[in-house]
Structures are given as structure tokens and as C-alpha cells.
Amino acid sequence: MKHVSEYRAGDAAARLADRIAGLAQPGRRYQLMEVCGGHTHAIYRHGIEDLLPPEVELVHGPGCPVCVIPMGRQDDAIAIAERPEVIFTTFGDMLRVPASRGSLQDAKARGADVRMVYSPLDALRIARECPDREVVFFAIGFETTAPSTAVTLLRARAEGIRNFSVFCNHVTIVPALRAILESPDLRIDGFIGPGHVSTVIGLRPYRFIARDHGRPVVVSGFEPLDVLQSVYMLLGQLADGRCEVENQYTRVVREAGNPQAMRAIRETMELRTTFEWRGLGFIAQSALKLRPELSAWDAEARFPLPAVRVADPKACQCGEVLKGVIRPWECKVFGTACTPERPIGTCMVSSEGACAAYYNYGRLARRRGREPAGRPETPSGTPPPTGGIPSPSPGAPARTGGIAASPSGSTTTPSSGSSAKLPAGIPVPR
Amino acid sequence: MDEREREAIERIEARRRRPRRRLLEEQVTLAHGAGGGSTHALVESLFLPQLANELLEPLADSAVLDFDGGQGRGRLAFTTDSYVVRPLFFPGGDIARLAVNGTINDLAAVGARPLCLSAALIIEEGLPIAELERLARSLGAAARSAGIPIAAADTKVVERTKADGLYLCTTGVGVVAPGRALGPSQMRPGDRVLLSGTLADHGMAIMVARGELELEGEIASDTAPLHELVAQLLAAADGVRCLRDPTRGGIATTLNELASAADLSIVLDEVALPIRPAVMGACELLGIDPLYVANEGKLVVVVAPEDLDTALAALRNHPLGRDAALVGEVRSEPPGMVVLETAFGGTRVVGMLAGDPLPRIC
């Protein structure tokens, strides 16, 4: 397929893999965290780990939006869905997430009107078509999906659609990264940054990772060659002793992100004082809620919710998996009590969850370790290893080694400005 | 890989090979109808123990029974299937054609020559007669063009909202040529796996036709009767070991069933998988793996290596096998599993479908 196959070319991958092997110092261990579940999925789906030298380990991060929703919120969702007047709309991934009394799919089997949608605008359309029903959209996801929820809310308000509301569970990625970086058992050498989130928030919010925590970040695309190139760029930074925020995904991500999308979020949502993340616990200012002036479209204001905090099942170690402290298969219930057919933890539900990805795709990939690679000569100034990935910014400055860096050189320099404590510009509640 | 990880992997693989799946839910959910692991659990733990008999137990596309009609022995193929597709009409077909072709294909997949079909219609009160007439015409046209008569039929009407327009059940009978054994037990390491054409057309055509995706595309269902293609293939190539009709759950589920029944491994080559660009595009957009999407006019063929060229040529000689391709190989290790060698140079396991195919959200 055009615009896809060129990012999956086996020969380009093999060349890049050789260069990665050349950069990895024998005996040194590189633990790189891919923050986003989309990357986890791509890594397993394409067998990327097979192309990495044994020194490089990919650790799966907290960026699976399904995986981080705590059980109590899922219970709240089911309580709304079970109201007779409600049509509860949700992305497909949430249907099987286990809550205290089964999943949304089970609630649907008991009679709740639960419908799968692909976009919040589909939910709004249902609201228009069913004026005598209450249509609720289960909003989840990072800054990637928040703008579409925001735009839908603005449209509902403009059209005066009153039988539509949003159960808002949007979360923001930076506080979760901060929580991981401040965790005492941090073992991560560098981060593969979330590409889609960055199209919205830009690169600035990650600077503290390089500056305050001394870990390099490369914001990456989602095709397998993107991920491999990002690993190469991270190893390059580590080899040079650099620690910067670099942009591999230049064909999509701009340094400033998407101001229009951020504006739509700001217009409709504000930060919660705190929000519980599954496995990570409560993280201050890490999630969004609807602004008070939109309370007419806020499901939390319109429906009574149990709002009971439910502890994760004792055996479930999703938290440790999300922090990268343990690998999926090190969890006590992995593959025994917890399987994709009958998940206990959220990481086993979504195809972006580390456990489901590992269970479904990963088993064989792990079986065949690569031979410890030799160290081919990689003089500076070698031609681009990726065999000409098309780039929308051909004039972008090139890094030594020839890989296109971010369109603006400034992102690779630690900023001297004030620290980016909050995701750029989201208002804080008073 | 350390000892603990090896143990975890062995645990997963043992589970995958476990012949009987347990049914853990308290209520039927849509996942039980998706054709993957949950459907297997429902069939194997709830129905099979009650219906236990040697005709049903192979769980093949059709049962094959020996009979003696007084004038010598023969073998009959017998199968049944219900159709609940929504919408009733979609690009490339409708529920009636789907039902006729689907049952013919279940017969063809055991190597049978179909003799006749039955059709039972459950109709919802309020269905416009014009639509029913269109479907009746389509039912007749599909049977005529396949050359298989509908020899028995039944109609029932239920109250409004008790059926989604129309449900249709077809049953088929065919005869199997003597002396030809087909099935997973015939598979050997080194055999090749062929696919008679492009992947995932039917499932994606239905998703687009539902109009919920605001996707427009020229994706048409591949629904087609495969009995003539199968006859041509079996006449040409003696080395055909096994045939399957990969419908619900896609080729991933079908190949898992074969690998598990044969206790062998199937290794697929991602680059070789035939798929239309529009279908691939829709799958990428929705985050759906085409290996798990339904087909309604495709055949998976396992053939001995010496007959590979003959079988491929026989398939390609028929209009329904024009895009036939060699997509994989049977190996002995790891038994019971399907593995994909990715275009990117890695490998991954292709499991059986779990739940409904869920689109990823970001």
C-alpha cells in the first residue's frame, strides 16, 4: 500500500539493524521505553525485537489508554450504561475491560444498550437520531483523542443537542512520564516518545526528561522503520553522551504541536486535581474533566455515579508492567488466570496492552535471540540508513550520520526557559 | 531467554494446544458468535459433550458419512449454517447469495460435489415485500448460477424487533468421491499452504457497508460458490491434503484450527499474502488485522510440495482462483501454532481470534 509499504521494507530494516548493532556496546545493557501502546503494538506485530541486538531491550510504557483506566471508573461507566434511558457509546477496546461485575460487553448481554463507535462524532449522530434517548460517550485516551472529544462537545453545544453527554476520562501523558521518572526503581536509559500525542502537544513538554532526568527522548512514528530508526537515534545519543529531545516523526510532528487542537481542548476541558491511574495510583493534574460551563454535557454531572474506588485485583501486576518494572511474562497470573479470552488486568485487553501484545504476538519472537552482532564500521557521514524514508521537510537539518532531525534545531538543545511542568497551556482548576 | 520466560511461553503454548476450552461466561456475548476462541469454547464445552458422535466430532466444514444405498457404498457430505448478516444487501452480494454460496463452500471444503440445498427463512414482521422479493430472486439466481437446486424450504414470521429483517438458514448435501482422504490428519511437514485469492474482502465490505465508519471505498464482498474451483483443483492435483473455507475469524483462525488438529506448525510469509490495496487501507485505518477478517469466497489449500505447481496452476486457471498464491508452509515445530514471517524481517505468532476484532483507538 502506498505510503505504508515503504516504511515496512525488509531490506531497509536489515541495513538499519546492522547500524544499530554497530552502535550497541557489547556488554552494555540498553533499556529503552516505548511510551505509547501504538509502538508496543507495532513492535510485536512486525517482530521488531528480532532485529535488535541482545544488548537492546524494549520496555513497554504506560501509554495504552485502555490499560490505565482504573476499575472504579469502569464500574462508573457500566452504571451509566445500565440506565434504561441511556445509549452508551464506546470505542471497541473498552468493551472487554473487566470491572467489578464483568465488562461492558457483559452489561450489554444483560440488556444495556452499549454501542461501539469509531469517533465521538458517531455518538453525537446517534444522539441526533434518537432524541428520546440519552447518548453518553465514554471518552478515553491521551491528548491524541481529546481533541476529537473537544470538537464534538463544541458541536453539541453549537447545535444545542441536549441528549448527549461525555463521560470524560482523558489523561495526559507528561505527568505519567514524570511519575515513572521519579519512581525509585527506574531503570530506563531512554524514551521512544509518543508520536500521535506529540502531533498535538509538540516537543516542548518532554524537555524536562532530558534536562532534569538526563534521559534522551526520540519522538517516533508508528511504522516499524520509524521505531527502528528511533532506537538508532537513541543509541546514537547515548554513544555521543548527548541527552536531547529529538523528533524522528518529522513528517507529522511539529515542534509546537497543533495549537488549534490544544485550543479546542482548553475551551472544553480543564485539569483534574488528581486522577487515579490503574497500577500507577493517583497522579496529580494528570487527567482532564469538562469545564463547568459545559456541565450540561458532562455525564459525571448528569448521572449519579457509584464513584467507588476499587482496588486492582491482588494478583494483577499491571502497574509494574505499565512502569516497565516487570516484563509481561513475569506477572504472577500472566498466561494462567489472565489470558486474552479471560483478562484480569487491562494490559491483557487492548491490542496495545503489553501483555496482550506479548501473549498474542510475542512468544516466538523471543525464542530466537539474535547472534551477538559484530561492530561494522559506521563512519560519520554515511548515507541515510533507512533507504530514503520520504520526509515532508527535505530541507531539514541532518544529524551526523545523515538521519533527518527535527525541522527546527532548537528541539535538540536543552531549553533554558522555565520547566514545562504542565502539558502546554491546559488550565488548572482553582 | 531465561528460565522463567521459557516457562511462561510454555504455559501459553500448552494452553493453546489444550483440546477443550472452558466456557467461563455466565451469559452469551457477541464474542461467542465471532468465530474465534469464544465460539470454540461454546461449541466444545457446551454442545459437543451433549451431541457427541463421530460424524460431528471432527468439527469440519461438513460431516462425511458412509452409506449403503443398496446399489453399492458411497459417501455423503452434510452441512448446515445460518446467516444473520447486517445489512441484508451489501456491495458484492446479499444475505441470500451469501447463504447459498456459504453452504456450497462448506460442502466443497470437504471435497464434495454439492447435490442440493434447503433454505429456511425467519422473517421479521414489517419487512417490505419488495425487499423480500429481491431476496427471493437473489436466492433463486444464486442457486441457478451455481447449478445447485434448493430442494426444500421453509418460512416463518416473527414479531417486529424479534429479528433484524431476515435470518436465513441453509443446509446442503453432497457426494464425496471415494478413495480420497482430505483433512488436517493428512498434513505433513513440508506441505505448502495456498490461498485461492485476496484476503478480508467480505468482512471489510460489510464494515464499510454499515456506513458507521464514514468510509467510502470500492470494497465488495467476495461471496462466490467454490465447488467448481475445488473440482478443478482435485482433478488436477493428487497431492491436495486439506481444504478449508476461511470465513468468520479469518484465515488466522482457520489456520490455527488446522495447525492444532494436525499438531503441526504453519508458517506464513507476510509478503506473499494477497490483499487488495483498498482492503489493506481500510484495515490500516481501523487498526484491524486482515488475517482475522471474514472471507466468503476463498479457499485455503494444503498441498504436498511435489504438487505445488500443479495445484497453483489449477487454481489460477479458474476465474475464482485468479489471484491464488503460495502463502506458507507446514513445519513440524512449534506444533499447534501459526507463525508469520513479517515483511519487516521479524516473526510473530498468529493466535486464534480473541473476542471481536477490536479496532485500536490511537
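Two residues are in contact here if their C-beta atoms, placed from the backbone, lie within 7 Å. The model is predicted.

Q: Which residues of helix 1 of chain A meet helix 10 of chain A?
A: On the helix 1 side they are Ala12(A), Ala13(A), Leu16(A), Ala17(A), Arg19(A), Ile20(A) and Leu23(A). Their partners in helix 10 include Leu228(A), Tyr232(A) and Leu235(A). By class, this contact has 13 nonpolar, two polar and one charged residues.

Q: Why are helix 1 of chain A and helix 10 of chain A called roughly parallel?
A: Their axes cross at roughly 20 degrees. Angles under 35 degrees count as roughly parallel, so that is the term for helix 1 and helix 10 of chain A. The crossing is left-handed.

Q: What makes helix 5 of chain A roughly parallel to helix 6 of chain A?
A: Helix 5 (residues 120–129) and helix 6 (residues 146–159) of chain A pack at about 25 degrees, their axes 9 Å apart. With the cut-off at under 35 degrees, helix 5 is therefore roughly parallel to helix 6.

Q: Why does Ala176(A) count as buried?
A: A residue needs 20 or more other C-beta atoms within 10 Å to be buried. Ala176(A) has 23, so Ala176(A) qualifies. This residue of helix 7 of chain A has contacts beyond four places in sequence that include Pro62(A), Trp277(A) and Ile283(A).

Notes: Residues are numbered from 1 along each chain as its sequence is written. Chains are lettered from A and ligands numbered from 1 in the order in which they are written. This is a predicted model: local features need pLDDT of at least 70, side-chain atom pairs count only at pLDDT 80 or more; totals for chains, interfaces and linings use all residues. Helices (H or I, at least four residues) and strands (E, at least two) are DSSP runs, numbered from the N terminus. A residue is buried if 20 or more other C-beta atoms lie within 10 Å of its own, exposed if 12 or fewer, and partly exposed in between; C-beta atoms are placed from the backbone. Axes are lines fitted to C-alpha atoms, for helices over the stretch in contact, and angles run from 0 to 180 degrees between N-to-C directions. Angles under 35 degrees count as roughly parallel, over 145 as roughly antiparallel, 65 to 115 as roughly perpendicular and the rest as oblique. A crossing is left-handed if the near helix is turned anticlockwise from the far one by less than a right angle, and right-handed if clockwise. Ala, Val, Leu, Ile, Met, Phe, Trp, Tyr, Cys and Pro count as nonpolar, Asp, Glu, Lys and Arg as charged, and the others, Gly among them, as polar.
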